[in-house]
Amino acid sequence: MMRNLLRPICLFTATLFMGASLAFATDSFAAEKNPLKPRVPADQRRAAKKMKNPIAFNKESVAKGKALFEGKGTCFNCHGKSGKGDGPAGKVLNPSPRDFSNCKFHKKRKDGELFWVIKNGSPGTGMVPLIPSAITEEEAWTLIHYERAFCKKWAKKLKKLK
Ligand code: HEC
């Protein structure tokens with residue numbers, strides 16, 4: 001008797017939970033993990049910061065970066081075409097992909113630190129190592145310029161360049 005009574009209640013609860021998690025997946029975004037905290041492990045950070053981007057920041061390299069971001073690199077899937085972390089796959093990730101329009105984030109990071117994450121990934125997040133599986137090292141340096149340009153300050157700098 002008790003069993004028969006409990007069953008529908010359990011079913012009802014299960015349905016409620018499923019509905020809630022579906023709503024979560026489609027309607028709301030997870031938060032970013034603090035973007036101002038470094039991602040490169042302390043023992044490798046100095047070396048990473050010293051790495052120089054071998055490619056110049058200019059309209060040509062940024063245009064190449066955009067083509068990679070929205071094409072071969074598949075970055076837009078998570079980071080979104082807007083660069084805000086709202087791509088179709090990014091919406092369901094927790095923590096959320098980096099919002100590249102955040103100038104405070106760019107100020108905190110050297111190119112070499114971004115390169116390190118593209119190459120090694122950010123453990124415990126959806127950001128997996130993408131060199132050499134998706135892109136080459138040179139393409140990563142080019143992509144970094146495009147990601148910088150999502151920040152208004154860098155976009156202004158770019159406008160003034162030839
Ligand atoms: C499968 C989803 C996914 C794809 C595809 C992806 N990213 Fe990410 N990316 C993330 C997530 C999630 C984070 C946030 C990681 C964190 O908070 O530590 C992130 C963070 C980053 C960061 C910030 C690193 C830092 O120092 O905080 C850079 C740079 C980056 N991605 C570059 C790229 C580039 C370039 C591509 C394409 C070649 C790419 N990502 C493709 C999910 C993705």
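Where is valine 128 found? Valine 128 lies in the loop between H6 and H7, where helices (H or I, at least four residues) and strands (E, at least two) are DSSP runs numbered from the N terminus. This is a predicted model, in which local features need pLDDT of at least 70 and side-chain atom pairs count only at pLDDT 80 or more, while totals for chains, interfaces and linings use all residues. Residues are numbered from 1 along each chain as its sequence is written.

**Confidence**
- The mean pLDDT (the predictor's confidence in each residue, from 0 to 100) is 89 for the protein, and 83% of the residues reach 70 or more.
- Over residues 9–25 pLDDT stays under 50, and the model has one contact beyond four places in sequence for them; two residues are in contact if their C-beta atoms, placed from the backbone, lie within 7 Å.

**Overall fold**
- The protein contains eight helices and zero strands, and its elements run α-α-α-α-α-α-α-α from the N terminus on.
- Of the contacts in the protein with a separation of 6 or more, 65% are between residues 24 or more positions apart.
- Of the 162 residues in the protein, 27% are buried. A residue is buried if 20 or more other C-beta atoms lie within 10 Å of its own, exposed if 12 or fewer, and partly exposed in between, with C-beta atoms placed from the backbone.

**Nonpolar core**
- A nonpolar core is a set of buried Ala, Val, Leu, Ile, Met, Phe, Trp, Tyr and Cys residues joined through C-beta atoms within 7 Å.
- The largest such core has 23 residues, and Phe69, Phe115, Ala140, Leu143 and Ile144 have the most contacts inside it.
- Two or more residues of this core come from each of helix H3 (59–70), helix H4 (76–79), helix H6 (111–120) and helix H7 (137–148).
- Not counting residues up to four places away in sequence, alanine 140 touches Phe115, Ile118, Lys119, Ile131 and Ile135.

**Helix H7**
- H7 has twelve residues and spans 17 Å from its first C-alpha to its last, close to the expected 16 Å; the expected span is 1.5 Å times one less than the number of residues.
- Ten of the twelve residues of H7 are buried, among them Trp141, Leu143, His145 and Arg148.
- These buried residues pack against H3, helix H5 (103–108), H6 and helix H8 (152–160).

**Ligand shell**
- There are 29 residues around the ligand, of which Gly73, Cys75, Cys78, Ser122 and Met127 come nearest; a residue is near a molecule or strand if its C-beta atom, placed from the backbone, lies within 6 Å of it.
- H4, H6 and H7 each supply at least two residues of the shell, and H6 gives the most, with four.
- The shell has 15 nonpolar, seven polar and seven charged residues. Ala, Val, Leu, Ile, Met, Phe, Trp, Tyr, Cys and Pro count as nonpolar, Asp, Glu, Lys and Arg as charged, and the others, Gly among them, as polar.

**Two loop residues**
- Glycine 83 is in the loop between H4 and H5 and counts as buried because it has 22 C-beta neighbours inside 10 Å.
- Leaving aside neighbours within four places in sequence, glycine 83 is in contact with Phe100, Ser101, Glu147 and Phe150.
- Valine 128 is exposed because 11 other C-beta atoms lie within 10 Å.
- The C-alpha atoms of valine 128 and isoleucine 118, ten residues apart along the chain, are separated by 7.6 Å.
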